[in-house]
Amino acid sequence: MTRLILASQSPARTKLLTEAGIQHDVLVSDVDEDAVQARYGVTDAHDTALLLARAKAEAVASLPEAEGALVIGCDSVFEFDGESHGKPYTADVARERMLRMSGSKGVLHTGHWLVDCRETAADMDDDETPAGTGATLGAVSSAEVHFAEMTLEDIDAYIATGEPLHCAGSFTIDGLGGAFIRKVDGDPHAVVGLSISTLRELLSHAKVGITELWQVGQH
């Protein structure tokens with residue numbers, strides 16, 4: 001069976017894959033996101049999401065445990081008022097951002113990068129049929145997020161839960177933060193952190209159908 005490895009420690013991403021019936025393993029990279037951004041000088045939110053997704057996927061793909069598998073890396077960056085927002089980490093940063101976001105809108109960009117670590121024709125004898133394609137490619141799925149008006153009490157109560165401190169843009173759609181999102185224009189899975197339809201498209205370039213990864217009735 002084709003193995004898929006998720007190069008992310010995000011519970012939301014692995015939950016999303018599981019609920020979509022997609023069998024996968026989790027292998028977390030040790031990528032220093034700040035160092036990667038500093039090295040390449042990328043500041044655009046769309047490009048940053050793709051760059052970090054690639055860095056994570058390639059870091060995990062280089063590990064012995066990834067041999068013979070497909071690796072998908074993901075990263076999300078929130079674009080608001082022309083600025084790129086990652087995880088706020090502190091209550092003060094989250095509060096400042098959410099006060100500005102209240103009643104407004106922004107774009108959540110989720111980068112995806114797929115690396116095919118299966119054996120290719122160059123690795124095998126002439127009479128063997130390779131499964132691997134050597135594919136390494138990515139795509140970004142973006143969605144416009146519209147926020148409801150939030151009172152300071154709403155914001156402080158939300159921050160007190162700790163949920164927004166480790167989420168790109170200081171919010172979630174699949175958790176408590178969903179109460180403050182009026183609507184989403186685009187793929188809602190991209191806002192969670194992994195677009196299933198984008199994954200399907202990337203897998204097709206590696207000659208793998210997403211239905212091959214389904215475990216129907218077992219999630």
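This report describes the fold of a predicted protein model and then some of its residues.

## Overall fold

The protein chain contains seven helices and seven strands. Read from the N terminus, these elements follow the order β-α-β-α-α-β-β-α-β-β-α-β-α-α. The chain's radius of gyration is 18 Å, close to the 17 Å given by the globule rule for 219 residues, so the chain is as compact as a globular protein of that length. The C-alpha trace spans about 65 × 45 × 25 Å along its principal axes.

Contacts between residues at least 6 apart in sequence join residues at least 24 apart in 71% of cases.

## Surface and charge

Of the 219 residues in the protein chain, 46% count as buried. The chain exposes about 10,700 Å², and 49% of this area is supplied by carbon and sulfur atoms. There are 16 positive and 35 negative side chains in the protein chain. The centres of these two sets lie 5 Å apart.

## Ser-76 in strand β3

Strand β3 covers residues 69-80 and includes Ser-76. The relative accessibility of Ser-76 is 13%, so Ser-76 counts as buried, the cut-off being under 20%.

With neighbours within four places in sequence left aside, Ser-76 is in contact with Arg-13, Leu-108, His-109, Thr-110, Ala-168, Ala-190 and Gly-193.

## Val-140 in strand β6

Val-140 belongs to strand β6, which runs over residues 136-147. Its relative accessible area is 21%, and Val-140 is therefore partly exposed. Leaving aside neighbours within four places in sequence, the residues in contact with Val-140 are His-46, Leu-50, His-109, Thr-110 and Gly-111. His-109 and Thr-110 are also among the residues in contact with Ser-76.

Ala-190, another residue in contact with Ser-76, is 50 residues from Val-140 along the chain. The C-alpha atoms of Val-140 and Ala-190 are separated by 8.8 Å.

## The two ends of helix α2

Helix α2 is formed by residues 33-40. Asp-32 caps the N-terminal end of this helix, with a side-chain oxygen 3.2 Å from the backbone nitrogen of Asp-34. After α2 comes Gly-41, which has a positive phi near 65°.

## Thr-198 in helix α7

Thr-198 is placed in helix α7, residues 196-205. With a relative accessibility of 12%, Thr-198 counts as buried. A polar contact of 2.9 Å links the side chain of Thr-198 to the side chain of Ser-195.

Apart from neighbours within four places in sequence, Thr-198 is in contact with His-112, Ala-139 and Ser-141.

## Positive phi in two loops

Tyr-89 is not a glycine, yet its phi is positive, at about 70°. Tyr-89 sits in the loop between β4 (83-85) and α4 (91-101).

Ser-170, also a residue other than glycine, has a positive phi near 75°. The loop that holds Ser-170 lies between α5 (152-160) and β7 (181-186). The relative accessible area of Ser-170 is 0%, so Ser-170 is buried.

How values were computed:
Residues numbered from 1 in each chain as written. Predicted model: local features only at pLDDT ≥ 70, side-chain atom pairs only at ≥ 80, totals over all residues. Heavy atoms only, no water. Helix = DSSP H or I, 4+ residues; strand = E, 2+ residues; numbered from the N terminus. Buried < 20%, exposed > 50% of the residue type's maximum accessible area, 1.4 Å probe, protein only. Contact = heavy atoms within 4.5 Å. Rg over C-alpha atoms; globule rule 2.2 N^0.38 Å. Areas by Shrake-Rupley, 256 points an atom, 1.4 Å probe, with all protein chains shown as cover. Lys, Arg positive; Asp, Glu negative; His and termini not counted. Charge placed at Lys NZ, Arg CZ, Asp CG, Glu CD. Polar contact = N/O pair within 3.5 Å; in protein donor to acceptor, adjacent residues only side chain to side chain.
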